Amino acid sequence: MLDIFKKHITKFAQVSDNEFEEIKKFFDTKVVAKKENLLEEGQVCRHHYFVLNGLLRKFYINEKGIEQTTEFAIETWWLTDNFAYEHQVPTEFYIQAVEKSMILYITQQKQEKLLEEFPVMERYFRFVYQRAYAAAQKRIKFLFSFSKEEFYFQAVKNHPEFVQRVPQYLIASYLGFTPEYLSEIRKRLLS
């Protein structure tokens, strides 16, 4: 299973087999049950999660008491509350397994030590953060440029396998509308 992580690292940085054997010692592995929370609002965010298998989501509960999904993470994606993780402060978010998942995780202290001992991992994490930032920018553009229907159509067009995999009520939460409204949009799309 850790071959997935090694393969992901080698997309961005070169590490030898011996280096990888040492690098993986900085991480712990965990199997997460469906709907299990890895992080809850008010907790100090101590971990950065890498999905080996499964699906995670990050969300908050808005002023109306409704869950608002802000991010998903599938295989080879990282997920945390970056601000709370970096500053070791309580989070405003939840991180939850959407399906049974296997994850790697690292603490900020271990990540700092990893970067000191293996500077090549600086390059790896730089690319990870650049891609995450680019995805966030694209999402913001879509939010401002498209109607909610168009936003959904873009998601279906660009990530059909993802839209099939994620429960519809969570897609609705991510897009900012009710499951009923998403159902209406899907009916129109099919007709």
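Relative accessible area sorts the residues in these views: under 20% is buried, over 50% is exposed, and anything in between is partly exposed (1.4 Å probe, protein chains only). The model is predicted, so local features need pLDDT of at least 70 and side-chain atom pairs count only at pLDDT 80 or more, while totals for chains, interfaces and linings use all residues. Residues are numbered from 1 along each chain as its sequence is written, and side-chain values use heavy atoms, with hydrogens and water left out.

**View A. Salt bridge between Glu 21 and Lys 24.** A salt bridge here is a side-chain nitrogen of Lys or Arg within 4 Å of a carboxyl oxygen of Asp or Glu. The count under this rule is 10 salt bridges. In this one, the N to O distance between the side chains of Glu 21 and Lys 24 is 3.1 Å. Glu 21 has a relative accessible area of 37% and is partly exposed. Lys 24, at 27%, is also classed as partly exposed.

**View B. Salt bridge between Glu 75 and Arg 165.** The N to O distance for this pair is 2.9 Å. Helices (H or I, at least four residues) and strands (E, at least two) are DSSP runs, numbered from the N terminus. Glu 75 is partly exposed at 23% relative accessible area, and Arg 165 is partly exposed at 30%.

**View C. Salt bridge between Lys 113 and Glu 117.** The closest N and O atoms of the two residues are 3.0 Å apart. Both residues belong to helix H4 (residues 108-117), where they are four residues apart, about one turn of the helix. The relative accessibility of Glu 117 is 43%, which makes Glu 117 partly exposed. Lys 113 is partly exposed as well, with 44%.

**View D. Aromatic pair of Phe 27 and Trp 78.** Rings of Phe, Tyr and Trp (its six-membered ring) pair if their centres lie within 6.5 Å; planes under 30 degrees apart count as stacked, over 60 as edge-to-face and the rest as tilted. The whole structure contains 22 aromatic pairs. Phe 27 and Trp 78 form a tilted one, 6.2 Å centre to centre with 50 degrees between the planes. This pair links distant parts of the chain, 51 residues apart: Phe 27 is in the loop between helix H2 (17-23) and strand E1 (28-32), and Trp 78 is in strand E5. Phe 27 and Trp 78 are both buried.

**View E. Aromatic pair of Phe 151 and Tyr 174.** The ring centres are 6.4 Å apart and the planes meet at 45 degrees, so this pair is tilted. Phe 151 in helix H6 (residues 148-158) and Tyr 174 in helix H8 (residues 168-175) are 23 residues apart, and their pair links distant parts of the chain. Phe 151 is buried, at 6% relative accessible area, whereas Tyr 174 is partly exposed, at 21%.

**View F. Charges over the rings of Phe 59 and Phe 93.** A charge sits over a ring if NZ of Lys or CZ of Arg is within 6 Å of the ring centre and within 35 degrees of the ring normal. Arg 57 lies over the face of Phe 59, 3.8 Å from the ring centre. Lys 58 lies over the face of Phe 93, 4.9 Å from the ring centre.
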